[in-house]
2 protein chains.
Amino acid sequence: MNSYKHPYKDVDFVIRHLLNFDAFCEQNKIADMNSDFTAVILAEAAKFATHQLDPLNQKGDLEHPILKDGKVIETPQFAAAYQEYVAQGWASLSASEEYGGQGLANLLSVACNEIWQSANMAFSLCPLLGQGAITAIERHGSEYLKEQYLAKLISGEWTGTMNLTEAAAGTDLAAIKTQAVYDDGQYKISGQKIFITWGDHQMAENIVHLVLARLPDAPAGMKGISLFVVPKYLANEQGEYNIENDVRCLSLEHKLGIHGSPTCVMSYGDNDGAIGYLVGEEHCGIRYMFSMMNHARQGVGVQGLGVSERAYQAALDYACERIQGSDKAGNALKIVQFGDVRRMLMAMKSGAEAMRALCYYAGLEADREQASNSSDEKAQFAAQTAFLTPVVKGWSTELTQEMVSFAMQVHGGAGYIEETGVAQYVRDARILTIYEGTTGIQALDFTQRKTLLDNAAQAQVMMEKIAQTCALNELDENVKKALNSALADAKQGVEYLLENPSQASFVANYYLQMWGYTIAGWLMAKAHLAATKELQIGAGDNDYLTTKQVSCEFYCEHFLVRTQACLASIRAGGDSVMSLTEEQFFSHVN
Amino acid sequence: MNSYKHPYKDVDFVIRHLLNFDAFCEQNKIADMNSDFTAVILAEAAKFATHQLDPLNQKGDLEHPILKDGKVIETPQFAAAYQEYVAQGWASLSASEEYGGQGLANLLSVACNEIWQSANMAFSLCPLLGQGAITAIERHGSEYLKEQYLAKLISGEWTGTMNLTEAAAGTDLAAIKTQAVYDDGQYKISGQKIFITWGDHQMAENIVHLVLARLPDAPAGMKGISLFVVPKYLANEQGEYNIENDVRCLSLEHKLGIHGSPTCVMSYGDNDGAIGYLVGEEHCGIRYMFSMMNHARQGVGVQGLGVSERAYQAALDYACERIQGSDKAGNALKIVQFGDVRRMLMAMKSGAEAMRALCYYAGLEADREQASNSSDEKAQFAAQTAFLTPVVKGWSTELTQEMVSFAMQVHGGAGYIEETGVAQYVRDARILTIYEGTTGIQALDFTQRKTLLDNAAQAQVMMEKIAQTCALNELDENVKKALNSALADAKQGVEYLLENPSQASFVANYYLQMWGYTIAGWLMAKAHLAATKELQIGAGDNDYLTTKQVSCEFYCEHFLVRTQACLASIRAGGDSVMSLTEEQFFSHVN
C-alpha cells in the first residue's frame, strides 16, 4: 500500500517564494503570520494526516459505510480520527475568531486542505463541505443561528451538509420541489434530496443540514428558493440538542469511488415535517447557496491537487522499485529510467505543481480581499477570486483525470489490480469533474458570468499580469516564448468570445481549459524566475530548486502548448457541434 | 441499464463506401464475398450479441467468476452464451478452411469483433485471445499440433490462452523464469504465470494454454525462450482428452474492471510437471509469440472502438431523456440541447467513427496481404499492417479513455453511481492501454521498429496516400486545410525522429498519437468525400450521410488540431524529461 508524504518543500516554495506570503503579511500588518509559521503548522498537519488519515484511506474504500436501522454507520476508525481532527483544532483553522475560530489565513487553510485530501479524500470531504455550511451561516444567518450553530460547526463538534440536488433538479436548481411551510411560528420542511455527502454518520453529536426548499407563495424558478438550517437533533427546553428532527437517510449510493464517504438519499418531513430555520431572507436561497458553493468549488480543485500529488508519489515509488530489463552492460534497469515512464512521472510532477501554484494563488486572493481596507481594492480582489474559481475547479479537476490515469499507466498491469491502491485514486478522482458543478457548468460560468458579463475586464487584468511577467528580462528565453505564445492564444480566445457571444456554450470548455493552462503556465514561469533567483542567492536547497526549474520547463513544453489546439477548436465555433437534429444522432443505428 | 444497438449504417458505409470492399473482392476474385454479404452476416452477429451477450454484460461485472475447489466458476449464464456462440459458428469465421474454419475475410472478423466487444467485453476477451493461440499453432505448429488442436480451437469447442507474464517479467519477457525440461520424450513445464485471461473456466471442454518457458540449455534473454502448447486436459490412449494435466489456477485477481473475465495466476507443474508440446523450434518462442500478439493488439484496438461506441450510445440515450431547465418560452429542455453536452456527444460520435475507420482499414490490409499473388505486394501489405498495428492499439485505446470519460460526464452525478452502468465502461476500458503491451510499448515499437528501422519507408508510403487525398479538388476546403496541416506536422515529426533517433523513447508517445490523429483524419477526410459523393448520387440515406459529413468536420476541428501540440512536444525532445536524477525526484518530500 502507498503511503503519503507531505511535499513540504514545494509547498514552502510556493508560499514563500512564488506568492511572497511574508511580504503580504508585512504589508497588511498581520501579526504572527509568516512563511515560517505556516511551515510549522503544516508540518503538524502532515503529521496528523500521515499517522491518522492516510492509514484509513484504503480502509474506507473497502469497508463502506452501511445503513443500519435507519442510521449510517461510517467506516470503522473514521470516528476516532474525526474526533482527533477536532481535538487538535484542524476544523477551525481559518474560521472567524468571533465564534471560536483561529482566524488564520485562508492560504494556510488551502495548504492544509491539500494535505487532508491527499491523505484521505473520502474522509476529508466531510469537513470540506461543512465549511460551506459555516460560510453560509456566517455571512447570511441571523444572530440566533450564529449563536446556536456557528461555534459547534467551527469547532467541528457538529458537521454540516449541503442539500441541493433532487432527482429531477441537478444542474437546474430551479426545478427544486422540496417544500417549506411556515406553520405555528416554525418552518417545516418536506421532500427528498439526493447525493448528500456525509448526510448521516455517527462521528459527531449533531449534523447541520443546509437545505434548499420552496415556500408555498414563492415565485417560480431560481428566485423562489429559500435556504434553511435543518439540524439532525433539535434543542430541548434546556438547550440540549437531543430531540430527533424529522430527517432520515433513506439509502446509500453505490458509487465508483470515494467509498468511505456516505452519499445519502435524505428524506425530510416523512412524519410531521422537519423543523428548519430560515437563513437570511425568504426566496434568496440561491444567492446564499453560492456563498457555500464557491468555497466548495475551490476546495474541489484542491482535492484534485491532493489526489494528483498522492497518485504521483505512488507512481514514483513504484517506478523506482520495479525492475524491467537491463542495460547493455547487463545492469538491471528500474522503469524510472525508461523515457516514456519518465515522461509520465514528469507530467504528474509538473501537473501537480502547476495545480498547487494555481490553487494557492487563488487562495491568497481571498486573504488579500479580506485584508484590504479599500472597498475598491476589496471588490477587485473579489472579482479576481470569482474569475479564478471556475478555473481552479474546472481546469485542475480535468487535469487530475490525466494525472491519476498516468499513475495507473506507470504501474502497468499491477495498477489494474485493486490491491495495489492506485485504482482507488482513479475511481476517487472521477467524481471531481462532476460534483459542485460539472466542468461544463464551470465553463459556462467562466465564459458567461466571468468573461462576457464584465466585457472581459477580469480577463484583461489577468492578461496584463501575464504580460508583465513576459516582459521581464530575466525570464528564461524558452519559458518566455512559450508563455507569450499561450498569452497570444488566450487573447485571441477572448476576442473570439467577445465577438461571438452566441458561440459561448459550444466553445466554453476549450476557453476554460485554455485559460487554465495559461494562468498555471504564468505561475510556473514565475516559479522558474523565483527558483533561478534563489539558486543565484545560493542559500536554498539546490536539488529542489533545480527540479523546480526543470518542472517549469517541462510544463511549458508539454502542457502550455495545448492552448493552440484549444484556440483552434474555439475558432471552429458551434457549427459542427450543433448542426445535427436529435433524429440524425440516431441515424447510424435506426 | 443500457442496451447495445449495432451501428450498422456506419459499419456498412465504412465497408462499402470508405474501403470499397466490393472492388477489393472483385479485383481479387473472392467468390460470394461483398458488402451485401457482410451486411447479412453482421446483422446476424448483432442479433446474437444483442440478445445473448449484452444482457450478461452488467451481470459479469456484478457476479464475478470465483475460484472453488481449484476450479474457476465463471459468471452464471456465460457458459450457455459461449456454447451458443460456438454453435452458431461465430468462433470460426475467418479461420482457415483446412481446419474447419469458414475462411471469410479478416475485415468481417474485425467488424464482428466490434460487435462482441461492444456487447460484452469481458466475455469476448475469451475468444479474442483464443485467436492468438490459433494463429500461433497455424503458423508455427507441427502437423501433430495442428491436427490435435486446431480444429477444436477454431470451432471454439476448446478455448486458448496466452501465458507470457510472470511476476518479475511483464514488459521485459527476457526475464521469464518458467522452466521446460525434456524428459523421457516429453517436455515438462513448471513455473507460475500471472495475468492469464480466462486461464480457467468451465465453458469449454478443454483449455489450450500457449506458454512461454525456458529450456535448461537456453541462451540468456529473449533468444532463449520457447513456446509450448500445454492443454488443461491431455489425451488418453483412445485419444480422448480427459486426463488432467499438472496445471491449476492458484488465484483470481481483484481488478478495477472486466470483472466477468477471470484473470488467473496459473501454476504449471506443481506435482510432476505439466506436459507441454513444443511449438516450432526451441528458443524461437518470442518470434511466435509476436504472431499471437500482433493479432491481439489489433483486437484490443477494436475493443476500444467497441466500448467507445457502447458508451456513446448510453450517453446519447441519457442526454435525450434527461430534462434540465427550460428555454425562454418555458419548454423543458433535454440536456442534448446544451452546447457542452452536445460537444461531448459529437466527440464520442466522431471519435468512435474515426476508430472504426482506422480499425477496419487496418483489418482490410491483412486481407489484401492474404489475397495478393505477388510476393513484393504481399510484403508491402504486411509492412503497412505492421506499421498500423501499434497505431490501432496505442491510439484507439488512449482515445477510448476520453470517450468513456465523456460518457460518464454526460451522465453527471448519475454516472458516478454504479447502477447506471456507465461506470463499468470506464472501469472496463482502463485495461486497454495496458494489456497486450502498454501504450509506451506500442509507441516504442512504432518509433523504433516501424519508423527508424526502415528509415521511415512505411511512414512515407502513408504520407503519400494522405497527400494524394489532400490533392483532390473535390475535397471540402476546410477538411483539406486541416488534413494538410496535420500532414505537415507528421512530416516534421518524422524528420525530427530521423534526425534525432536518440530522442525516440522520450517523444515516442507524442509521435504515435500524432500519427493516430493524422491517419484517422485522413480516413475521415476520405469518408467526407465518399459521403458527399453518395449524397450527390442521391440513392443513400440522406440523414445518415449528412451526419457523416458533420462528424468528419467535427473530427477535423476538435481532434485533428491536436497534432500541433504533439509536434511541439516532440520538438522539445528529452531534455526536461530526463534531466532529473532519481534523488532529485524525491527532493520535494525529503
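Okay, housekeeping. Residues count from 1 along each chain as its sequence is written, and chains are lettered from A, ligands numbered from 1, in the order in which they are written. Since the model is predicted, local features need pLDDT of at least 70 and side-chain atom pairs pLDDT 80 or more, while totals for chains, interfaces and linings use all residues.

So, strand 6 of chain A, residues 206-214. Strands here are DSSP E runs of at least two residues, numbered from the N terminus. Of its 9 residues, 8 are buried, so the rest of the structure largely encloses it. Buried means 20 or more other C-beta atoms within 10 Å of the residue's own, placed from the backbone.

Who are the neighbours? Strand 3 of chain A, residues 158-163, pairs with strand 6 in parallel over 6 bridges; pairing needs at least two DSSP bridges. There, W158(A) bridges to N206(A). Strand 7 of chain A, residues 225-231, runs antiparallel to strand 6, with 7 bridges, and F228(A) partners V211(A).

F228(A) also turns up in the largest nonpolar core, 402 residues, among the members touching the most others. A core joins buried Ala, Val, Leu, Ile, Met, Phe, Trp, Tyr and Cys through C-beta atoms within 7 Å. It draws at least three residues from each of domain 1 (8-287) and domain 2 (438-575) of chain A, bounds that come from an automatic or database assignment.

Last one: the C-alpha centres of those two domains of chain A lie 33 Å apart.

Terms used. Buried ≥ 20, exposed ≤ 12 C-beta atoms within 10 Å, placed from the backbone. Helix = DSSP H or I, 4+ residues; strand = E, 2+ residues; numbered from the N terminus.
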